[in-house]
Amino acid sequence: MLPLRSKIRLGSGNVKKTCQKLKSGSLSLRQEHKHRFLFTRTGVSSAWNHDGRVRQASTSAESSVGLPDQARVVICGGGVIGTSVAYHLAELGWSDVVLLEQGSLSCGTTWHSSGVLIQSVGHPVVNRSNSYSCELYKKLQNAGHALGFKPCGSISIARTHDRMVAMKRNAAVAKTIGLECHEITPKEALDLAPLLRTDDIEYAQFFPTDGAASPSDIVNTFARLAKQKGVKVIEKCQVNQVLTDEKHKEVRGVDTNLGTIRCEYFVNCAGQWGRELGKRSEPRVRVPLHSCEHYHLVTKPFGVDPMMPVIRDPDGAVYFREWSGGILAGGFEPTAKAVFHEHIPEKFEFQLLQEDWDHFQILLDQILHRIPAMESAEVRQLTNGPESFSPDGRAIVGECPEIRKYFVAAGMSSLGIVSAGGIGHAVAEWIVNGEPTWDLWAVDVKRFVDLHNNKKFLRDRVKEVLGTTYSIPYPECDYRSSRKLRTSPLYPILLEQGAVYGSTMGFERPLYFEEQTRDKEYLRYSYARTPPLKTKEYTDNTIPRLTFYRPSWFDAVASEYWACKEGVGLFDMSYVTKIELKSAGTEVVDFLQKMCSNDIDKPVGTVIHTGVHNHKGGYENDCSLARVAENCYMMISLSTTQTRAYNWLSQHLPANGSVILSDVSSMYTTLNVIGPKAKDFLHELAEIPLHITKFPSMTVKTMYLGHASGIKAMRLTHTGDDGWMLYIPSEYALHVYDTLISSGHDYGLKNVGLMAHRSLRIEKYLAYWGIDLDSNSTPLECGRDFRVKKNKPFIGQEALLKQKEEGIKKRFVQLLVEDHDNHSDPWPWGGEPIYRNGKFAGMTTSAAYGFSLESHICLGYVQDFTDNTGNRNIINENWVMDPNAKYEIDIAGRRFPVKVGISAPKSPYMPTQHNLDDHYPMYETQ
Amino acid sequence: MAVFMRRLPLGRWLSRWTKDDFSSVAICRSSKAPQRENSLRRYRYSGIDFPKFNKQRVTSMLRSREQTVPIEKGSILYYESNFLPSNDPIEDRHSVARCLQTDAMLFGVFDGHAGDSCAQIISERLFDYIAVSLMPPEVLDQFCKSFLSRGITLDLLQWYYHKKTSHYDALLGVHKNNLHRFAVETLSTLEDEFSLASALEGAFVRLDNDISSMAMPSNNNGLINSQLLNIALAGSCAIVAHVNGPHLHVANSGDCKAILGRMSSGGNIKFIPLSNDHSANNPKEVERIRREHPPNENVIRNQRLMGNLAPLRAFGDVCYKWPSKELAYVTKHAGKLNNPYAVMLSNYYTPPYLTAKPEVISYRLTPADRFMILATDGLWDMLTPEKVTHLISEHMMGKQTWTKYEAAGTLTLGKINSDLRKRRVGLEYKPEDINVATHLLRHALGGNNGENVTHSKLSAFLSLPPELSRSFRDDITMIIVFFDDNYLRDYSSVSEPFY
């Protein structure tokens with residue numbers, strides 16, 4: 001009577017066996033690397049070998065040199081980014097550099113990269129960086145270094161009209177840096193890549209300078225060349241702690257398992273370990289990235305042409321390249337699988353994750369659709385390697401705000417190989433020169449706030465980020481995950497009134513208000529970006545169709561615009577950054593005089609618009625400073641600057657601690673009351689007189705409103721129109737909003753959103769920091785030198801004086817788009833190339849429809865380029881405004897003539913009710 | 001199916017209920033059936049209106065008794081089982097064994113009432129009786145002889161599962177003697193024509209007779225053996241499936257149920273009933289019992305036998321079987337027994353009213369037959385046979401996706417993709433529980449006939465104190481047997497007579 005003891009579960013796989021299989025699988029790929037390496041080598045003798053064991057033997061001999069006790073720069077991470085930074089530092093003459101790698105070079109995620117080199121990804125600075133990488137790889141390959149680089153070009157395929165528009169927009173941007181791009185017919189695509197299916201192709205492009213390379217070979221070449229110049233590479237070395245000075249403000253050294261190195265600079269190139277490494281310092285450094293499972297498949301050889309171009313089929317979310325006579329095909333599935341959430345393994349050398357064919361199937365469908373010949377190919381390996389993504393899918397680069405001389409270059413979001421050259425170059429330059437040459441704000445580590453570093457946030461966001469790598473970059477599209485994260489107290493009320501929200505820095509801001517309110521779920525998800533492959537969770541018909549053309553919200557925004565022009569518009573701007581600066585005496589005045597270019601020592605109650613500049617005279621921030629007391633200022637700037645602005649100020653604070661800085665963004669709910677009737681309307685509710693003589697523009701008063709108190713009212717709207725910014729202590733927000741709404745009807749009060757606000761300010765030629773202004777633009781270039789005072793020293797003054805003498809190389813302009821059919825032509829959305837007399841002259845930075853001017857209006861910079869590398873001639877206003885100059889902008893491949901201007905145009909529209917202050921006495925209402 | 005009021009264990013559950021309910025529970029302890037509903041009404045929930053158990057706890061409660069056992073012999077691939085008590089202790093039992101002499105598999109599900117003692121005895125003994133009744137004459141002969149010399153040495157069964165207790169070890173000698181007597185009598189009454197159905201019937205009836213006659217005071221010189229009597233006073237329904245190659249026999253006595261899942265030509269799995277309920281819902285059964293007794297007795301009242309017992313066939317329950325003389329003797333001495341079931345029913349004129357004789361259904365398995373489920377009425381109260389069939393077939397589809405797909409070296413991508421597309425359908429149904437019995441249990445408790453499973457409902461069912469729980473659901477026990485269609489396909493091509 002023996003009961004059967006064994007209780008088994010069907011289907012439980014033999015884990016050990018699988019692991020072994022995996023290992024052997026990865027080995028086979030590595031051996032393949034070796035094979036290719038030997039095959040492509042051009043006679044350069046090298047101690048480096050692709051076989052892990054041999055290399056370990058060789059490096060153990062080298063690391064017998066041991067860990068030095070001092071170095072100028074310590075780089076952590078021996079992947080493609082770390083070695084690139086080391087290489088570029090050495091190239092710039094800094095050879096006192098130590099590179100630490102916890103395993104062996106390229107063992108983390110570099111080795112399993114596909115090695116695809118696609119340069120055009122849409123963003124100008126990223127394009128430039130990628131283009132630099134390709135040039136560099138080509139140069140090194142030609143110099144005899146084996147990188148496995150092949151200039152096979154790349155084909156991009158559009159299946160839909162919208163994709164075509166997106167690709168044309170990308171191509172227009174790519175062309176501005178001289179990137180070659182050809183529109184090709186499906187037939188031509190077939191000639192270039194005979195395996196392609198072309199019957200469903202709507203449009204295709206060919207980039208002849210794109211290609212592919214072997215990631216491990218790039219790493220080894222960078223490392224070898226760096227070492228030749230004196231850089232020390234130390235493998236099997238783990239960083240325990242990044243050491244800082246007593247005040248925890250600057251890097252002092254690195255504590256490792258092999259000992260301590262003193263150093264000036266530290267560079268975190270730890271890839272997917274970057275976030276964990278960021279924790280190992282005091283204070284901790286935010287490196288917001290999270291690993292995802294990322295797949296590609298390699299087939300056995302079936303006679304594929306080695307020079308087959310790289311193929312991108314973003315509508316199918318897949319890409320292809322030739323690999324050893326077979327095909328490597330990978331993709332970006334709509335919903336990825338986050339991995340290493342609880343814990344990221346310390347040891348993950350030349351390892352892969354267990355493949356999940358079911359997860360990959362959605363891509364396999366598309367792969368076989370695009371290259372039907374692969375149906376009969378046998379699979380060599382499905383590679384599931386972890387790959388780290390940042391919250392917005394762009395790299396994380398630059399000096400971190402927490403610790404000085406602590407640099408980050410990580411979170412390449414699957415574009416590591418093509419980014420490496422350019423990013424390495426930029427970081428090395430940044431370290432050596434103290435600032436980057438390119439404007440890297442798009443990839444700057446300071447674009448994040450603390451919420452981005454939340455692990456749960458990251459886990460849910462990266463699942464989506466991976467999937468949107470190939471989604472159509474519609475204007476105003478947004479993520480679905482982690483919405484409703486930071487909201488104003490008025491969020492639920494505005495939502496009920498039909499607000500459609502978009503987010504910035506996790507903060508929800510109303511874009512516009514729908515006339516008919518729909519259900520909340522719809523509103524919450526509107527403007528979500530949709531990945532190319534629709535899955536169940538994304539097939540949502542209620543989402544308004546995103547478009548490059550005239551959007552569905554046009555009429556709604558028009559009525560909001562006219563409310564601001566004729567009546568009163570009410571815009572919840574709680575998302576703006578508010579920083580309070582205080583001191584016991586007047587130290588804060590001295591401090592701000594040093595930081596700001598405008599004279600800020602104005603009477604209490606004044607609001608001053610001022611730039612904050614770097615040493616080059618470029619804008620670090622453009623803000624409004626309200627002097628609320630003799631020794632207290634409130635600084636208002638855009639939400640995108642929250643980390644950066646605070647960081648810039650705190651870096652320059654007096655060492656004695658006399659000035660205290662505090663971020664009070666969350667304390668105030670901000671309502672912008674815009675419009676000619678704002679004064680009369682608020683007069684009903686406020687106690688103090690609002691007449692222009694009693695409450696002039698650019699002043700601030702603390703007042704009662706309704707039954708609430710302590711409201712800081714500033715007479716400005718950031719749109720150039722009359723009105724107030726009300727900074728309401730958040731506990732009063734609901735009351736104040738209710739009070740305003742309940743008495744606003746007769747004044748034509750209307751909720752307005754960002755879209756209307758944008759139209760207003762762009763029509764008035766007002767530049768915003770982070771959009772139009774950046775660290776490379778100066779007040780002289782923007783026609784704002786009237787706000788720069790000469791009678792006091794401030795950071796950047798020398799540079800500005802010098803520029804004044806020498807002249808400017810770019811000029812901020814307003815462009816009125818002509819001959820544009822608002823209904824049928826694609827709209828400008830910002831990021832369109834500007835042409836002057838047929839020659840590329842710069843990019844637009846923002847765009848909106850001007851309802852008064854009845855045309856599209858863009859803001860942007862015009863420059864006089866002498867060549868493709870970015871060299872420019874000195875220009876002046878006469879050159880810009882030359883009546884013979886013919887300006888155009890390129891919208892999705894079509895050139896539209898534009899009228900250029902360097903001052904706010906006189907609006908043809910005059911409000912029906914003029915400002916009556918000057919003509920009629922003001923009657924106090926009971 | 002419990003019929004009488006039982007004594008209630010208080011247990012740790014009480015702390016979850018408001019304090020003044022303690023007295024009502026105390027009253028409840030000594031109350032009898034009619035007051036029971038009243039006393040339950042006096043339970044007042046302590047005001048917690050959210051799930052008391054978290055998801056992990058619910059899952060571990062559902063899974064703690066699950067079993068997956070590979071057989072991989074004959075027509076059976078494997079079986080899965082699970083059970084969930086409502087009564088404390090549980091009154092359900094189930095047993096699985098291989099009959100060593102014939103190599104047939106035996107699956108039994110037993111639903112006890114009036115305590116678990118009868119179900120326990122049957123779950124341990126019934127398969128022995130069946131094994132003996134199935135023995136070929138020469139083996140039977142050998143069995144009888146070996147017993148005479150050294151007791152039972154012949155191994156009758158290879159057990160896969162039965163609940164072991166040491167309570168009845170003292171009765172093992174009695175059992176062996178009974179079994180031997182049964183063997184001898186079987187040998188002496190061997191007929192030329194062997195029928196498996198009648199052999200199963202014989203085993204059921206013989207075991208019930210043995211339980212009954214051992215406990216009868218008149219067979220023990222008027223002495224009351226309280227242990228034997230308690231077993232006989234308790235009762236149990238039983239359903240046993242005998243599977244030998246493609247030959248399936250299901251013997252049912254009482255209100256357990258078995259169904260067979262068969263793949264229809266349309267690709268859906270449809271069910272075929274393998275048993276008839278012996279309850280008041282079955283007009284044939286009611287008619288059978290009415291016919292056996294004078295019409296004026298009105299033996300079926302309130303949908304129950306004698307107005308009391310829900311199943312119309314059962315083991316034990318001697319107070320529906322014994323002559324009134326015996327019962328009168330027992331009730332007279334019932335004080336010593338302390339057994340509330342030792343009662344003389346009113347209008348007790350023409351016993352026996354109850355029999356353990358099973359109804360046997362024979363079936364020949366075909367390659368289209370995928371599974372068979374045996375379960376106590378606790379499951380069938382919550383799920384219809386259609387729903388059970390549907391849930392099992394969905395689970396079969398979804399379960400394959402628990403195993404990772406591995407692409408072997410020589411597969412083409414086209415083939416891999418078509419495999420994966422098929423799996424994609426299954427992924428839609430990827431079940432939370434890999435064990436199909438647990439899957440059914442979750443849907444039975446958490447859903448409305450298996451639909452819309454909610455955690456709060458699961459938690460509510462699982463967190464009820466047994467006393468309350470019994471009012472909402474019965475013990476649930478089930479065995480799901482999966483057939484090997486490859487074996488059956490091979491077998492169906494050979495037409496070979498059997499028995």
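Helices (H or I, at least four residues) and strands (E, at least two) are DSSP runs, numbered from the N terminus. This is a predicted model, where local features need pLDDT of at least 70 and side-chain atom pairs count only at pLDDT 80 or more, while totals for chains, interfaces and linings use all residues. Residues are numbered from 1 along each chain as its sequence is written, chains are lettered from A and ligands numbered from 1 in the order in which they are written, and side-chain values use heavy atoms, with hydrogens and water left out.

**Stop one: the end of chain A**

Select residues 810-900 of chain A. An unreviewed UniProt entry annotates them as "domain: Aminomethyltransferase C-terminal"; such annotations may be inferred rather than shown by experiment, with positions given in the numbering used here and feature names shortened. The span is 49% strand and 4% helix, and its end C-alpha atoms sit 14 Å apart.

**Stop two: a pocket in chain A**

On a 1 Å grid over the protein atoms alone, a pocket is an open set of points with protein on both sides within 12 Å along at least five of seven lines, a cavity is a set where a 1.4 Å probe fits but cannot get out, and lining residues have an atom within 4 Å of a point. Volume is the space filled by probe spheres set on the points, which are joined across faces, edges and corners.

Colour β23 (607-613), β24 (619-629), β25 (632-637) and β32 (810-817) of chain A: each gives the lining at least two residues. The largest share, four residues, is from β24(A).

**Stop three: over to chain B**

Show chain B as a cartoon and you get 18 helices and 15 strands. Of its 499 residues, 55% are buried (under 20% relative accessible area, 1.4 Å probe, protein chains only).

**Stop four: the largest cavity**

There are 14 cavities of 30 Å³ or more. Where is the centre of the largest cavity? Select Ile121(B), Arg125(B), Asn178(B), Ile211(B) and Leu228(B), which lie nearest to it out of 13 lining residues. The space inside is about 160 Å³.

Helix α7(B) has the largest share, with four.

Methods. Buried < 20%, exposed > 50% of the residue type's maximum accessible area, 1.4 Å probe, protein only.
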